[in-house]
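Q: I have not looked at this one before. Can you take me through it?
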Amino acid sequence: MTSVSYTIPGLHVTDHEVEVPLDWASPHDGRTLTVFARELVAPSRRHDDLPLVVFLQGGPGGKGPRPTAADGWVGQMLATHRVVLLDQRGTGRSSAVRGAALAALGTPTEQAAYLAHFRADSIVDDAEHLRKTVYGGRRWATIGQSYGGFLTLTYLSRAPHALTACYVTGGLPSIWPDTHEVYRRTYPRTAAKNAQYYERFPQDVERVARIADRLDAGDVRLPDGDVLSTRRFQTLGMDFGMKPGFERVHWLVDEAFDRGSDDLSDTFLEAVMDLTSYRSRPLYAVLHESIYASGEATTGWAAHTVRAEHPAFDPSSRPLLFSGEMIYPWMFEEISGLRPFQAAAEELAARSSWTTLYDPDVLASNEVPVAAAVYHDDMFVDAQLSLATAAHVGSVQTWVTNEFEHDGLRTGDVLSRLVRLVADQGGPLRD
């Protein structure tokens, strides 16, 4: 274990690194990873005995935030807590998974077996090791954003004794996961977001069609050399799930062509490359459907399979509909940052046996206070599935709202509302 401390304006920072086994079920097989966490505290309180809260990042495959100031939800929690920002295994400084090194792991089957150790159960076991070795086994609270809510339910299933309270923002998963059912619900919500986008920016119907027609004509290359297809362009709709997403896509489309030119602008192509390359977060694509797999289950490229039931999303359709949080097999062919993972991704899609992520019996008897924001119009996480989980899990309070999109933690007072919900019911459990 190593730790390094320093101070930046408004934040006293301690960086921690611990060694963990790749496979917690076989901890002595010699294969290890480094797990990194960044601890924040108000500089004037760095010697105080404060409660702990660990942030469980969204994703999968997302590293912890890199704060530049004591603002937003981080600043709020620093008034009362030490905040621990975990880089989940395979991300950031926690033995990041890179495509260039994947081949050294062996055959596609061996690569897939390796990647299967980067799911919620392993992340929770890493967090538990960090809590015990760095923090002496003190209980802590969790904040789970999006996929962090999935991690929260796994944490409550595996180690509820470690937790004082859980705050979930847009991420209560179904604890009876069915990947195909998830996408049957996701496509209609995504279509509704497209309708809202074109209602807000009706001029973009023609502009988006013009872009798609140019891409269909062929030989449009991004700055990294990848061919830009219409179906890759459609994936920009991922942003429709965020509060400023419509505007960000609109401004991108607005500058797609320079005046008097039929060629797509460098500004547009550079932005599309950055948004769709996955070079900095390959695990998001590689493991995306695997986060729903628990026990005996096969994900089988569910988003791709279910899309056949929704022909309006075909790249040839007009008006062109943008896709959302869907990962497709063709992405591992077209996107150079994902090509090294193609064979392993195919193995993962065909895999039929997984570790179990949730324990419904343990969750039903849960006594750890949980406050969850359920975004009624969330494009990514189905509100009805979230509420079905909340009805089963003990000690859960939900706040259902259409005031925010999936990024409510960053753009609103969501965490304040959840903290008050727990406080009004007696507060967190004792540390």
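A: A term to start with: helices are DSSP runs of H or I with at least four residues, numbered from the N terminus. By that rule, Asp274 lies in helix α10, residues 266-276. Keep in mind that this is a predicted model.

Q: How many helices and strands does the protein chain have?
A: The protein chain has 18 helices and 9 strands.

Q: Back to Asp274, is that buried or exposed?
A: Asp274 counts as exposed, because its relative accessibility is 51% and the cut-off for exposed is over 50%.

Q: Which residues form the negative surface patch?
A: The negative patch is made up of Glu255, Asp258, Asp266, Glu270 and Asp274.

Q: Now the overall shape. What radius of gyration does the protein chain have, and what would a compact globule have?
A: The protein chain has 22 Å. For 431 residues, a compact globule would come out near 22 Å, so the two agree.

Q: What box do the C-alpha atoms fill?
A: Roughly 65 × 50 × 45 Å, taken along the principal axes.

Q: And what share of the residues count as buried?
A: In the protein chain, 57% of the 431 residues count as buried.

Q: Change of topic: how many salt bridges are in the whole structure?
A: A search of the whole structure gives 31 salt bridges.

Q: Pick one. What does Arg45 pair with?
A: Arg45 forms a salt bridge with Asp48, and their closest N and O atoms are 3.0 Å apart.

Q: Where do those two stand on accessibility?
A: Arg45 is partly exposed, with a relative accessible area of 28%. Asp48 is also partly exposed, at 32%.

Q: Which residue forms a salt bridge with Arg248?
A: That is Asp239, with the closest N and O atoms 2.7 Å apart. Arg248 counts as partly exposed, since its relative accessibility is 43%.

Q: What about Arg307?
A: Arg307 forms a salt bridge with Asp314, and here the closest N and O atoms are 3.4 Å apart.

Q: Why does Arg307 count as partly exposed?
A: Because its relative accessibility is 22%, and buried would mean under 20%.

Q: Which residues are linked in a network of salt bridges?
A: Glu181, Arg184, Arg185, Arg189, Glu309 and Asp382 are linked in such a network.

Technical notes:
Residues are numbered from 1 along each chain as its sequence is written. This is a predicted model: local features need pLDDT of at least 70, side-chain atom pairs count only at pLDDT 80 or more; totals for chains, interfaces and linings use all residues. Side-chain values use heavy atoms; hydrogens and water are left out. Patches are made of residues with over 30% relative accessible area and no salt bridge: like charges are joined within 9 Å, nonpolar side chains (Val, Leu, Ile, Met, Phe, Trp, Tyr) within 5 Å. Accessible areas come from the Shrake-Rupley method with a 1.4 Å probe; for residues, only the protein chains shown count as cover. A salt bridge is a side-chain nitrogen of Lys or Arg within 4 Å of a carboxyl oxygen of Asp or Glu. Lys and Arg count as positive and Asp and Glu as negative; His and the chain ends are not counted. The place of a charge is taken as NZ of Lys, CZ of Arg, CG of Asp or CD of Glu. Helices (H or I, at least four residues) and strands (E, at least two) are DSSP runs, numbered from the N terminus. Buried means under 20% relative accessible area, exposed over 50%, partly exposed in between (1.4 Å probe, protein chains only). The radius of gyration is taken over C-alpha atoms; the globule rule is 2.2 Å times the number of residues to the power 0.38.
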